[in-house]
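Subject: Two-chain model, handover and findings

Hello,

Here is the model I said I would pass on. Please look it over first; my notes on what was found follow below it.

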Amino acid sequence: MLYSEKVMDHFRNPRNLGTMEDADAVGEVGNAKCGDIMRIYLKIKDDIITDVKFITFGCGSAIASSSMATEMIKGKPVSEALQLSNKAVVEALEGLPAHKLHCSVLAEEAVKAAVKDYYDKNGIAYDKEQFKQGPTCACGDH
Amino acid sequence: MTEQKLIYVDNSATTKMSQAAVDAMLPYLAEFYGNPSSLHSVGQRAAEAITLARAQIAACLDCTPQEIYFTSGGSEADNQALLSAAMIGERKGKKHIISTAIEHHAVLHTLRRLQKQGFEVTLLDAHQDGLVRPEELAAAIRPDTCLVSVMFANNEIGTIQPIEEIGRICKEKGVMFHTDAVQAVGHIPVSVQKAQADFLALSAHKFHGPKGIGVLYAKKGIPLTNLIEGGAQERGKRAGTENIPAIMGMAAALKEACDHLDENAAKMRAMRDRLIEGLSVIPHSTVNGDHVKRLPGNVNMCFEGIEGESLLLLLDDKGICASSGSACTSGSLDPSHVLLAIGLPHEVAHGSLRLSLSEENTMEEMEYIIKAVPEVVAYLRAISPIWHDLEEGKKNHVI
């Protein structure tokens, strides 16, 4: 099997799947050319992520990574969500094939992009260094 | 859960072995195990079998048995054809090769290797319909061109190239001609005489034969360059004790395929056309490759706004085994070079689906696929940010 059972479970039964009309923040990362785009919606109350939704264009591991990331940040303080690493997503998924690791990076960056949107919309000061994005996509041509 | 039937529509990847091929192989595994190079009766029994198989295969390809070289498969045959032709060209100071942008990597990667050795390579455009234009080939041939290599039929989009015209042009201009016929042999008529080919590559497992065995046809009088040294097998051109069971299986499979070529093709064509008709109702979809000059069993489509690997995994859950040219399934970062070469943008090429049929498929299976694919496409579009943007008019549809 290409994927772990955990990946297949999150791919077949994604958690928190869908869009959100009244989201407090939205983050989107990725590129159609590379073949994966993730969009994460957050509902935030008193700095706690009370609800989260996502939609993803991409392969099995991209959908599973988004699903896992949303599950890991739901109910958590915004500052904690910001600490979510791609490594933690991979571990929670019980591993990803080497050439699919960038999907977990995308999930981490989607969460960060959503938090950044929340900070921007609410005039909350933040350390810009925290949101420095590496090359999201491995295509290397944009 | 109810018992799910498996629908195998990935026959361009590989096929199930036919009973005739299995039956032909079995005696040569345990009973007639001799080495054909041995002089004793056990060895000679094996040698006789190979002689028979070689003659059978030659008859199917319209050539003589002496022009058949057994290889480990299509890739090896392609490699040896190109490297042999390059060596011949080099001796005459001709270091230009013409091929196409949609060849299999067995050809493209070998050409890349030759480029590093100082050869110049021109890749012909395959246009939007996936077909090369003979007049463009004629115009590309130069005094220093030693070889033209054009695949008989494409493995992804199924387009059948104007091989006889290409062969005629090569003959007129005195240039050697190789055709990678891995997807064609056993499915459509292939004659090396009509093609006027100097080299041809085929692979047994694409027509219900065993894996790990193929043929390089090389026209009489053409000196081959060895890839493997070490023995007198294959008239000294391919060392290594012959894989007799596989050779016997290949010959049986090819004979069966050639004997039933027309009826199998007609059956597959009907299923192919029904699939294309049924799946084309999906909005923002497109059929890749020419509709007419197309392998009888090939369907290749793109669905906008979705990614191919997810599509394959969900179809697999529904019992449908297919393939895609998306980057994620190709194991590289780019989608299929064939889909890009026929002008599809990356984001569309990612959403490709290839269904490749065999005569063992049924119309009932086609109807199941026609029901299943739109459901999966609709689900994946519903969860795709690209599709949402397209629907909301934030992006323009490409197809």
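pLDDT is the predictor's confidence in each residue, from 0 to 100. On that scale chain B has a mean of 96, with 98% of its residues at 70 or more. Chain A averages 92, and 92% of its residues score at least 70. For the complex, the predictor gives an ipTM of 0.94 and a pTM of 0.95. One stretch to treat separately is residues 138-142 of chain A, where pLDDT stays under 50. The model has 7 contacts beyond four places in sequence for that stretch, a contact being heavy atoms within 4.5 Å.

On conventions: this is a predicted model, in which local features need pLDDT of at least 70 and side-chain atom pairs count only at pLDDT 80 or more, while totals for chains, interfaces and linings use all residues. Residues are numbered from 1 along each chain as its sequence is written, chains are lettered from A and ligands numbered from 1 in the order in which they are written, and side-chain values use heavy atoms, with hydrogens and water left out.

Interface of chains A and B

The contact involves 26 residues of chain A and 23 residues of chain B. The two chains bury about 2000 Å² between them, 65% of it on carbon and sulfur atoms; buried area here is the accessible area (1.4 Å probe) that two parts lose on being put together, summed over both. Phe11(A), Lys33(A) and Phe57(A) supply 27% of the area that chain A buries against chain B, more than any other three residues.

The rule finds 3 salt bridges across this interface, where a salt bridge is a side-chain nitrogen of Lys or Arg within 4 Å of a carboxyl oxygen of Asp or Glu. Arg12(A) forms a salt bridge with Asp317(B), with the closest N and O atoms 2.6 Å apart.

On the side of chain A that touches chain B, helix H1 (5-12), strand S2 (36-45), strand S3 (48-57) and helix H2 (60-73) each supply at least two residues. Helices (H or I, at least four residues) and strands (E, at least two) are DSSP runs, numbered from the N terminus. The residues of that side divide into 15 nonpolar, 6 polar and 5 charged; Ala, Val, Leu, Ile, Met, Phe, Trp, Tyr, Cys and Pro count as nonpolar, Asp, Glu, Lys and Arg as charged, and the others, Gly among them, as polar.

Domains of chain B

Chain B is divided into domain 1 (19-259) and domain 2 (261-391), with bounds from an automatic or database domain assignment. Their centres, taken over C-alpha atoms, are 29 Å apart. In contact are 28 residues of domain 1 and 21 residues of domain 2. The count of salt bridges between these domains is 0.

Salt bridges overall

Over all chains, a search of the whole structure finds 29 salt bridges. Asp22(A) and Lys43(A) meet in a salt bridge (3.6 Å, N to O). Asp22(A) lies in the loop between H1 and strand S1 (25-31) of chain A and Lys43(A) in strand S2 of chain A, so the pair ties together parts that are 21 residues apart in sequence.

Regards
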